[in-house]
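Have a look at the chain below before reading on.

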Amino acid sequence: MFPSLSLRPPNPTAVCHISVTDNNPLPNSDPIPPLRIAIIGFGNYGQFLAETLISQGHILFAHSRSDHSSAARRLGVSYFTDLHDLCERHPDVVLICTSILSIENVLKTLPFQRLRRNTLFVDVLSVKEFAKTLLLQYLPEDFDILCTHPMFGPQSVNSNHGWRGLRFVYDKVRIGEHRLRISRCESFLGVFEREGCEMVEMSVTDHDKFAAESQFITHTLGRLLGMLKLQSTPINTKGYEALLDLAENTCGDSFDLYYGLFVYNKNSLEVLERIDLAFEALRKELFSRLHGVVRKQSFEGEAKKVHVFPNGYEIDASLDMMRSEDVAVKYEYNPQVSGSVNDGSRLKIGIVGFGNFGQFLGKTMVKQGHTVLAYSRTDYTDVAAKLGVSYLSDLDDLFEEHPEVILLCTSILSTEKVLKSLPFQRLKRSTLFVDVLSVKEFPRNSFLQTLPQDFDILCTHPMFGPESGKNGWNNLAFVFDKVRIGMDDRRKLRCDSFLDIFAREGCCMVEMSCAEHDWHAAGSQFITHTVGRLLEKLSLESTPIDTKGYETLLKLVENTAGDSFDLYYGLFLYNPNAMEQLERFHVAFESLKKQLFGRLHSQHSHELAKSSSPKTTKLLTS
């Protein structure tokens, strides 16, 4: 649908896999002679690298505009306030750890005449063509140049517990042929090899092409999510928690870094335009389907209004100020009370809608000793037999078996139609009805409107599915609302026995009203699916320089793309809070673009006012 960059690794790309162990990252290797390394720019990142360089025995000098002398002393680094003094120490390597926006000014101020003529210069910027161009422009021709990009920082290293397995990208732009100069370059790369990094050699052009797809998209979405001020909820999914982590990690970086990725990587503008097109296409798809539903019901002349935004409850604005723990009641599973599944607590459960999710739940219910019957529009007789489930092709036959629980596992869009077709007269009058939809006010209202008054109602939402729950349900959230449960002990026990199915599997049981669920879900589940659908339209693929954040996004696409668009549309159509969240996402994206282009315009105006040289203007606008 949209133009996409080719993401097949180019021929010049070489990935070196380093064999490591916990105690000796590079066993049987000779010690690397210490390098004399001067770090220019001793902020957070310079200090972060210095800590490892010192631990490996290298000799470090440092200089920065701000006074970081106390941090240098703590790390064992010699700190210089004067660049001339530092350069006269004749470091083997000058490691530039400045920001993207300040590197040109820094290079202009360096006293190259104080250095040895064959000094190795290394940068660690997140954009590489720009850095290479500047280094070739300002450095004397007899200086060596190594352009690198450690695809990690202090935050990702902490979560990864070290550098092992994290990517380090490099391009030997200009390395002299003398064996000592070649050895010096290899010794510097050996710093990262020894820590277990995955070493990736590729041209700066290829790096920027891949980085526009992976790093810039990751930072863009991280900034968007940060602007939405997302918060943890009692019903977090694994996907939503990954988005919270992404927002936290990217918002810890300065806007200067993000702006630098945008303005100094020539591929970033195209990627931003693709994100814009993809989001507009997603909104158009949602709104066109909504328009079709409204038109259809208008022409059919239905007396009742379309269930676009059902309002079972008003959401108290004070919820915005409440901590998530305060709006949920945890269900406590007590095995001493519940005991094992015996004849007294064993249930006969009728599943209506025996697709993937119905089969997923039925398998565990059978395992626990419950009797499970099933019906679906599609014939699942063979599948049911393998699971130990009795399949009936006629709803009347299933209901005449008098199941104690009817578990509705239909899609959101078909729920109302299915409810209208159920032969309630065939059931016992006190039957418990349970749904497992991803929205809760809509089924609650539908149940109350359609079911006979003497039927019990339990609205639930297992916050997992066949993919996220394939290795067990332990610590996965199960949300429920006892909408209408009869007062006698037998009906209460039946409801608790059903809930115990999930509690026994280790689920985190969360009791909350349907209105509270939908308020939280619009901010978590709907946003998660929106991001997943948006990324799916970009046709993202893995690259040789994936960051952990980008890998998280790829995994999110994989999980959400496995769900039908009907599920996503249902989350939008039947959650009264979803429209607001979609518009907040839209406003945040427009605001982010305005920030980027506004700053770009200001920078260009500033350069014009200064009557900058043609060379500099060309660099800034290329």
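## Charge pairs, helices and cysteines

Searching the whole structure turns up 27 salt bridges. Keep in mind that this is a predicted model. Side chains of opposite charge can pair when their charged atoms come close. Here are some of the pairs.

| Pair | N to O distance |
|---|---|
| Glu 467 and Lys 470 | 2.9 Å |
| Lys 482 and Asp 496 | 3.5 Å |
| Glu 558 and Lys 555 | 3.9 Å |

Take Lys 482 and Asp 496, whose side chains meet in a salt bridge. This pair ties together distant parts of the chain, 14 residues apart: Lys 482 sits in strand S17 (residues 477–484), and Asp 496 sits in helix H19 (residues 489–504). As for solvent, Lys 482 is partly exposed at 33% relative accessibility, and Asp 496 is partly exposed at 27%.

Lys 555 counts as partly exposed, with 39% relative accessibility.

Then there's the salt bridge between Glu 467 and Lys 470. How exposed is each partner? Glu 467 is partly exposed, at a relative accessible area of 39%, while Lys 470 is exposed at 54%.

Salt bridges also join up into a network, and one such network links Arg 167, Glu 198, Lys 548 and Glu 551.

On to the helices. H1 covers residues 44–55, which makes twelve residues. From first C-alpha to last, H1 reaches 17 Å, close to the 16 Å expected at 1.5 Å a residue. Which residues of H1 are buried? They are Gly 46, Gln 47, Phe 48, Leu 49, Ala 50, Thr 52 and Leu 53. After H1 comes Gly 57, with a positive phi near 95°.

H14 (residues 356–367) has twelve residues too, and its first and last C-alpha atoms are 17 Å apart, close to the expected 16 Å. Its buried residues are Gly 358, Gln 359, Phe 360, Leu 361, Gly 362, Thr 364 and Met 365. What do the buried residues of H14 pack against? Their partners are strands S11 (348–352), S12 (371–375) and S14 (405–408), along with helices H15 (381–387) and H19. H14 is followed by Gly 369, where phi is positive and near 100°.

### A histidine after H1

His 58 lies in the loop that runs from H1 to strand S3 (59–63). Is His 58 buried or exposed? It is buried, with a relative accessible area of 5%. A polar atom of the His 58 side chain lies 2.9 Å from the backbone nitrogen of Leu 35.

### Cysteines without a bond

How many disulfides does a search of the whole structure find? The count is zero. For Cys 507, the closest cysteine sulfur belongs to Cys 508 and is 8.6 Å away, so the two are too far apart for a bond. The cut-off for calling a disulfide is a sulfur pair within 2.5 Å. Cys 507 is buried, with a relative accessible area of 8%. Cys 409 is buried as well, at 12%.

Terms used
Residues are numbered from 1 along each chain as its sequence is written. This is a predicted model: local features need pLDDT of at least 70, side-chain atom pairs count only at pLDDT 80 or more; totals for chains, interfaces and linings use all residues. Side-chain values use heavy atoms; hydrogens and water are left out. A salt bridge is a side-chain nitrogen of Lys or Arg within 4 Å of a carboxyl oxygen of Asp or Glu. Buried means under 20% relative accessible area, exposed over 50%, partly exposed in between (1.4 Å probe, protein chains only). Helices (H or I, at least four residues) and strands (E, at least two) are DSSP runs, numbered from the N terminus. The expected span of a helix is 1.5 Å times one less than its number of residues. Contact means heavy atoms within 4.5 Å. A polar contact is a pair of N or O atoms within 3.5 Å; within protein, one must be able to donate a hydrogen and the other to accept it, and residues adjacent in sequence count only if both atoms are side-chain atoms.
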